[in-house]
Each structure stands twice: as structure tokens, then as C-alpha cells.
Amino acid sequence: MADLLDEYDFQAGRGGLAGTLEGDRVFVPQQGPWTAEEIGRLAGRMVERKYDLVVDLMDLAAAKGDWVVPPVERAESPYHVRNQLSAMTKLIKRDFDGRSYWPMEWKRREDGVYVYRTLPEIAAWWQAARNEQSAGAR
């Protein structure tokens with residue numbers, strides 16, 4: 001935990017800008033550190049678990065590089081995305097040493113809509129993992 005707080009202080013001192021820490025770890029503001037290996041593992045687990053709406057959200061955020069609204073066209077209900085985000089949190093806690101932070105930032109806009117974005121490094125790692133999954137599926 002002290003390691004995480006040190007990284008948070010480091011990022012806060014940089015005005016909240018994300019950066020690579022200790023070579024291969026990137027700190028997601030107000031979330032926590034992630035590595036390429038962890039992002040690849042998370043992508044695989046989310047596809048295995050069929051968290052399709054969260055996978056779509058990460059795909060969109062990685063591709064756009066800015067704040068995005070979750071794609072809800074395939075949602076079964078208004079709560080489907082929220083439920084899958086909650087399931088992702090539980091998956092991360094269980095499979096990633098009890099951490100409770102996401103590989104993406106989120107905020108609530110003034111109109112009440114939640115929006116999400118990934119950092120460039122996380123986006124690149126996510127896209128590489130997804131490309132690897134696609135290549136393996138062929």
C-alpha cells in the first residue's frame with residue numbers, strides 16, 4: 001500500500017499526468033499501477049468471462065484515446081454495463097492480489113453520464129492483447 005501511495009504522490013506532483021514508472025508500470029490516475037502483462041491477462045480473463053460490454057468499452061476507449069460513453073447498443077438493460085463493470089471489479093480483486101482499481105479512468109459528467117478513458121500506454125497494451133487474441137482465434 002505504501003508503494004501505491006508513493007506512486008500516487010509522484011503522479012500528483014506531476015499534475016495528475018500519467019507516466020511510466022519503474023520501467024514497465026503505468027499509474028492510472030485515481031486508480032493504480034498496471035503492467036503490460038497484467039493488461040494482457042485482464043483482457044484474456046474478461047473475454048473468457050464474456051464481459052462483452054466492458055471489452056467493447058475498453059476497445060472503444062483504447063481506439064479513441066479520449067473520454068467515451070460506454071457502447072450500450074448490445075446491452076440487455078440499462079444496468080447491464082454497470083453490472084459488468086462491477087463484475088470486472090470483482091475479477092480484478094480476485095485475480096490481481098486484492099486490488100480494487102481499474103485500468104481506466106472514469107468520471108461523471110454534468111449531465112449524469114459516466115464516461116471512461118484509457119491512458120496511451122494502457123491503450124497500446126490493451127490493443128496488443130486483443131490483437132493477439134484475434135490472431136489466436138484464427
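Just after α3, G65 takes a positive phi of about 75°, and that is a handy spot to start from. This is a predicted model, where local features need pLDDT of at least 70, side-chain atom pairs count only at pLDDT 80 or more, and totals for chains, interfaces and linings use all residues. Residues are numbered from 1 along each chain as its sequence is written, and side-chain values use heavy atoms, with hydrogens and water left out.

**Exercise 1. Check the span of helix α3, then list its buried residues.**

Step 1. Helices (H or I, at least four residues) and strands (E, at least two) are DSSP runs, numbered from the N terminus.
Step 2. The expected span of a helix is 1.5 Å times one less than its number of residues.
Step 3. With 13 residues (52-64), α3 should span 18 Å, and its end C-alpha atoms are 18 Å apart, so the two agree.
Step 4. Buried means under 20% relative accessible area, exposed over 50%, and partly exposed in between (1.4 Å probe, protein chains only). In α3 the buried residues are L53, V54, V55, L57, M58, A61 and A62.

**Exercise 2. Find the residues other than glycine with positive phi at Q30 and K50, and say whether each is buried or exposed.**

Step 1. Most residues other than glycine have a negative phi, and most peptide bonds are trans.
Step 2. Q30, not a glycine, has a positive phi of about 60°. Q30 sits in the loop between β2 (25-28) and β3 (32-35), and at 64% relative accessibility it counts as exposed.
Step 3. K50 has a phi near 65°, again positive in a residue other than glycine. Its place is the loop between α2 (36-48) and α3, and with a relative accessible area of 65% K50 is exposed.

**Exercise 3. Do the same span check for α4, then work out what covers its buried residues.**

Step 1. The 16 residues of α4 should span 22 Å, and the end C-alpha atoms are 22 Å apart, so this agrees.
Step 2. Buried residues here are H80, V81, Q84, L85, A87, M88, T89, L91 and I92.
Step 3. Their cover includes β3, α2, α3 and β5, with contact meaning heavy atoms within 4.5 Å.
Step 4. Zoom in on H80: it counts as buried because its relative accessibility is 13%. Setting aside neighbours within four places in sequence, H80 is in contact with L53, R74 and A75.
Step 5. Just after α4, D97 takes a positive phi of about 55°.

**Exercise 4. Describe the largest nonpolar core.**

Step 1. A nonpolar core is a set of buried Ala, Val, Leu, Ile, Met, Phe, Trp, Tyr and Cys residues joined through side-chain atoms within 4.5 Å.
Step 2. The largest one has 33 residues, and those with the most contacts inside it are W34, M46, L85, M88, M104, I122 and W126.
Step 3. Two or more residues each come from β2, α2, α3, α4 and α5 (120-137). The largest share, 7 residues, is from α3.
Step 4. Follow M104: leaving aside neighbours within four places in sequence, its contacts include L57 and M58, L85 and M88, and Y116.
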